[in-house]
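Okay, thanks everyone for coming. Let me put the structure up, and then I'll walk through a handful of local features.

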Amino acid sequence: GTAAVSTVTTGRMGSVVAVAVGRDVALSVAILAVLTAGAAYVPIDLGLPADRVAFMMSDSGASLVLVANDKAALPDGAPPALDVERDWDVVAQQAALNATAIVDRPAYMIYTSGSTGRPKGVLNRTRSLANRLGWMQTFCAADSTTRILQKTTASFDVSVWEFLLHTVAGATLVYLPRDAHKNVELVCDFVDRSAISLMHFVPTVLVAFMSVWEATERKGEHM
């Protein structure tokens, strides 16, 4: 997929690619392909109103959008689309990518909620991303034994380290099943069964999680 992304974005470092893929392994593959190709990714939730999706794609200057089995959900005027689940014939036709290391370039763009007006895209660079991942790896002592829970939607900044810390720490990335985050008991069961050792919660959810965790007398030796 990396070569295809590089070709469609015409090989321009700093190109923006919209990633409209559901929260599963395909999303991680799409994000890594975009970054490896030298582009920046902007996560797009196709469940949002069509006019907002169209605005973000236009405002970000995305030259390509990656989807997974749902090209039909794209708004009119969307950039060219590449289906990461189906367009393997397109990917197979691309030449291998000779990636060039760039010390500091755009890495990802995340839009604000727009609660006070139009959503605003905030562009973050690779130097800042590397700094965050390096700090997380040191602070959390993440290594090959660490099992990271991916549960945050890609539209929130917290998701970035969840998606990428494993690439620098050699850790294992484990996806929480879709919609399981809506039920604290399901989250507790999954964390326990999957031996998750690193995860993120906002304070209110953490309180609810720990309440259920302690009530069910889980040992949590892996955390």
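So, disulfides: there are zero in this structure, taking a disulfide as a pair of cysteine sulfur atoms within 2.5 Å. Cys 188 is buried, with 0% relative accessibility, while Cys 140 is partly exposed at 27%. For those words, buried is under 20% relative accessible area, exposed is over 50%, and partly exposed is in between, with a 1.4 Å probe and protein chains only.

Quick housekeeping. This is a predicted model, where local features need pLDDT of at least 70 and side-chain atom pairs count only at pLDDT 80 or more, while totals for chains, interfaces and linings use all residues. Residues are numbered from 1 along each chain as its sequence is written, and side-chain values use heavy atoms, with hydrogens and water left out.

Next, helix packing. Helix H5, residues 126-139, and helix H6, residues 158-169, have axes that come within 9 Å and cross at roughly 70°. That makes H5 and H6 roughly perpendicular to each other, the label for 65 to 115 degrees; under 35 is roughly parallel, over 145 roughly antiparallel, and the rest oblique. The axes are lines fitted to C-alpha atoms over the stretch in contact, and angles run from 0 to 180 degrees between N-to-C directions. Helices here are DSSP runs, H or I, of at least four residues, and strands are E runs of at least two, numbered from the N terminus.

Who makes the contact, meaning heavy atoms within 4.5 Å? From H5 we have Leu 129, Arg 132, Leu 133, Met 136 and Gln 137, and from H6 Val 160, Trp 161, Leu 164, Leu 165, Val 168 and Ala 169.

Now the backbone. Most residues other than glycine have a negative phi. Ala 141, in the loop between H5 and strand E7 (147-150), has a positive phi near 50°, and Ala 141 is exposed at 53% relative accessibility. Ala 195 also has a positive phi, about 55°. Ala 195 sits in the loop between helix H7 (184-193) and helix H8 (203-215), and is partly exposed at 29%.

Last one, Gly 22, in the loop between strand E1 (16-20) and helix H2 (25-36). Gly 22 is partly exposed, at 27% relative accessibility. Leaving out residues up to four places away in sequence, Gly 22 touches Leu 27 and Arg 178. The C-alpha atoms of Gly 22 and Leu 46 are separated by 8.9 Å, and these two are 24 residues apart along the chain.

Definitions and conventions. Contact = heavy atoms within 4.5 Å.
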